[in-house]
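Colleague: I would like to learn how to read helix packing and a ligand site in a model. Please take the features in turn.

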Amino acid sequence: MRIVVFGAGVVGITAAWYLASDGHEVTVVDRQPGPGLETSLANGGQISAAHAAPWANPRIPLTLLKWLGRADAPLLFRPRMDWRQWRWAMQFLIECLPSRTVSNTIQCMNLALYSRDCLKALRATTGIEYDQLTRGILEFHFDAKGFADAAKAAERMSQYGGDREAKTADECVAIEPALETCRDRLVGGIFTAGDESGDAHRFTRELARLAAARGVAFRWGTTLESLVTDGIAVRGARCWTAIDPEHRGRESIDTDVYVIALGSSSPLLLAPIGVPVRIYPVKGYSATIAVGSHRGAPRVSLSDPERKLVFSRLGDRLRVAGTAELSGYGRALDHVRCAALIARTFELFPDAGEREGAQFWAGLRPATPSNVPLVGATRYRNLFLDTGHGSLGWTMACGSGRALADLIAGRKPEVDFAFTRA
Ligand SMILES: Cc1cc2nc3c(=O)[nH]c(=O)nc-3n(C[C@H](O)[C@H](O)[C@H](O)COP(=O)(O)OP(=O)(O)OC[C@H]3O[C@@H](n4cnc5c(N)ncnc54)[C@H](O)[C@@H]3O)c2cc1C
């Protein structure tokens, strides 16, 4: 079949890879001049399958209230005159109900663990390199109550397949010696030995290159403006091409199957054709620090639940990323939030790297209120979704792409997940 994947982020590129592996004639369309240039550009770098719990949980509403109005708060709601933002926020609160949290956790864990296996298999068959480290992820705690709660949660999560192990402070330092600098405050940690880290953008670029070698075509600088339907199927995609002289201007792309992997833009293209998807951008920040000759940067990927930050070593760089802001589609950098990333990094790891030259970035997580992504069919027989991966897009990309290829081929996916049908 001829299949067009709209969106060349980590999700779209992995979907294209698995679809091409099935022998389809695949084209990827993106408004950017290359792969992975929006939210997949500078994320936290974690393949955090065993940590794949949804943000919406019974403790979050109180935490949000506590942080309300603080410009450097790890989670921030900036109210706007946008009904989509308010509707998303209300639905998010509903997803915080205990019963919803349990079912969302099972969905996220199933897909994330499957995805981690798919990534390992992909690495084994292609030899793809992306500064990957398979040293696990360690969530460290300075607060005794927070650690006790996390240890209890770890026990509960083991029933869903998450290999989370509680560790003492000394064990944490043995796993990541860079934590010695804050040993006196450390009360313990939760270690997920099977989790991984790496550079999501390098992965996306490399996989796009491998996909091109497998016959996937790319249309860069091409913006999807609207989808045309006849009520049963999609009949064309109206696009605008800016940079490619061969295709410059407006055109309609017609194909057999359309896949939407447009990240935060997905609802803007789907709502007009009556496919309502509850996705809203949740802005996050990262700083990338050159390690240089400094010796204090961690190598094991770390999570700092107190500040909602993650640290990943990407070769000779240290990436610190996190914080969440519900503030619309703007990507402008807020200097208070950038400064908070750096301050926390060097408070924990004083010799982490070149403090002055840090590179800052902000990206929009395509978040559903439940954290469960939208993968599968729609009411149109030739339109499929692979979007809404929120804070776990790279963690879930391979599993989503692989399962989507199964669904399109009429095979039963190997993962127990609530695929879309609407
Ligand atoms: C600070 C931060 C830290 C994060 N850390 C992690 C982490 O450690 N681990 C993890 O798993 N996930 C993490 N994430 C989440 C992860 O980065 C995202 O879930 C993932 O990048 C989403 O990928 P995507 O392909 O769906 O979206 P994107 O990468 O945004 O791709 C969508 C693509 O669609 C294109 N597009 C949009 N509209 C149009 C249009 N109209 N026409 C044509 N093209 C269009 C865009 O150009 C873009 O290339 C983090 C996110 C942030 C912000």
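**Helix packing and ligand shell**

Modeller: α1 passes α7 in a left-handed crossing, that is, the near helix is turned anticlockwise from the far one by less than a right angle (clockwise would be right-handed). Helices (H or I, at least four residues) and strands (E, at least two) are DSSP runs, numbered from the N terminus. This is a predicted model, where local features need pLDDT of at least 70 and side-chain atom pairs pLDDT 80 or more, while totals for chains, interfaces and linings use all residues. Residues are numbered from 1 along each chain, and side-chain values use heavy atoms, without hydrogens and water.

Colleague: At what angle do the axes of α1 and α7 cross?

Modeller: Axes are lines fitted to C-alpha atoms, for helices over the stretch in contact, with angles from 0 to 180 degrees between N-to-C directions. Here the axes of α1 and α7 (residues 200-213) cross at roughly 30 degrees and come within 9 Å. α1 is therefore roughly parallel to α7 (angles under 35 degrees).

Colleague: Which element gives the most to the shell around the ligand?

Modeller: β18 does, with 4 residues. α1 (10-21) and α10 (393-409) are among the elements that each supply at least two.

Conventions:
Angles under 35 degrees count as roughly parallel, over 145 as roughly antiparallel, 65 to 115 as roughly perpendicular and the rest as oblique.
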